[in-house]
Amino acid sequence: MVIYLRGDLGAGKTTLVRGLLRALGVTERVKSPTYTLVEPYVVSKLYLYHFDFYRFSRSDEWMEAGFRDYFNRESVCLVEWPEKAGGQLPAPDLGIVMEVDGNARRITVSADTEAGQTCLARLH
Ligand SMILES: Nc1ncnc2c1ncn2[C@@H]1O[C@H](COP(=O)(O)OP(=O)(O)O)[C@@H](O)[C@H]1O
Ligand SMILES: [Mg+2]
């Protein structure tokens with residue numbers, strides 16, 4: 001499962017991932033991967049990888065960093081700033097766009113694959 005998180009700096013992308021991990025029972029500190037590029041989490045049999053590609057300046061850096069193997073059938077990849085990783089990044093199952101609206105946030109979620117649609121359907 002690949003989830004793209006789009007939105008300006010401060011839109012709430014990291015906060016949303018933190019909330020998701022907390023809801024899954026992760027109690028350890030959830031740091032922003034701004035400097036490490038990726039923070040890994042294991043929840044039961046799930047491997048969750050939280051990426052932040054904000055600091056990428058060239059789109060081929062994603063391939064060079066060797067992140068391809070993180071995107072596999074056993075993993076959930078949550079990606080902040082996917083647009084900075086260039087065209088090699090696997091396509092998303094879910095696309096999340098966040099915008100600041102006063103003191104609140106507006107969130108738009110779209111499903112781009114059947115797996116993504118199954119996820120969205122379960123929210124209803
Ligand atoms: N839904 C929200 N309502 C109010 N404040 C929020 C919300 N989501 C995030 N924030 C605050 O906004 C700031 C930036 O959030 P962050 O998740 O780091 O943004 P991003 O990862 O998109 O750059 C943080 O101080 C956070 O506490
Ligand atoms: Mg962030």
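## Loop residues with positive phi

Ser-44 sits in the loop that joins β2 to β3 (46–52). Helices (H or I, at least four residues) and strands (E, at least two) are DSSP runs, numbered from the N terminus. The model is predicted: local features need pLDDT of at least 70, side-chain atom pairs count only at pLDDT 80 or more, and totals for chains, interfaces and linings use all residues. Residues are numbered from 1 along each chain as its sequence is written, while chains are lettered from A and ligands numbered from 1 in the order in which they are written.

Ser-44 is not a glycine, yet its phi is positive, near 55 degrees. Ser-44 counts as exposed because it has 6 C-beta neighbours inside 10 Å. On this scale a residue is buried if 20 or more other C-beta atoms lie within 10 Å of its own, exposed if 12 or fewer, and partly exposed in between, with C-beta atoms placed from the backbone. Leu-37, in the loop between α1 and β2 (38–43), also has a positive phi, of about 70 degrees, without being a glycine. Leu-37 has 17 other C-beta atoms within 10 Å and is therefore partly exposed.

## Surroundings of ligand 1

The shell around ligand 1 consists of Gly-7, Leu-9, Gly-10, Ala-11, Gly-12, Lys-13, Thr-14, Thr-15, Glu-80, Asn-103, Ala-104 and Arg-105. Two or more of these residues come from each of α1 (13–23) and β6 (104–111), and α1 gives the largest share, three residues. A residue is near a molecule if its C-beta atom, placed from the backbone, lies within 6 Å of it.

By class, the shell holds three nonpolar, six polar and three charged residues. Ala, Val, Leu, Ile, Met, Phe, Trp, Tyr, Cys and Pro count as nonpolar, Asp, Glu, Lys and Arg as charged, and the others, Gly among them, as polar.

Gly-10, one of the shell residues, belongs to the loop between β1 and α1. Gly-10 is classed as exposed because it has 11 C-beta neighbours inside 10 Å. Its C-alpha atom is separated by 9.0 Å from that of Glu-99, 89 residues apart along the chain.

## Nonpolar core

The largest nonpolar core has 19 residues, of which Ile-3, Leu-5, Cys-77, Leu-78, Val-79 and Ile-96 touch the most other members. At least two core residues come from each of β1 (2–6), β3, β4 (75–80) and β5 (94–101); β1 supplies the largest share, four residues. Such a core is a set of buried Ala, Val, Leu, Ile, Met, Phe, Trp, Tyr and Cys residues joined through C-beta atoms within 7 Å.

Leaving out residues up to four places away in sequence, Cys-77 touches Val-2, Ile-3, Tyr-49, Phe-51, Tyr-70 and Phe-71. Contact here requires C-beta atoms, placed from the backbone, to lie within 7 Å.

Notes. Two residues are in contact if their C-beta atoms, placed from the backbone, lie within 7 Å.
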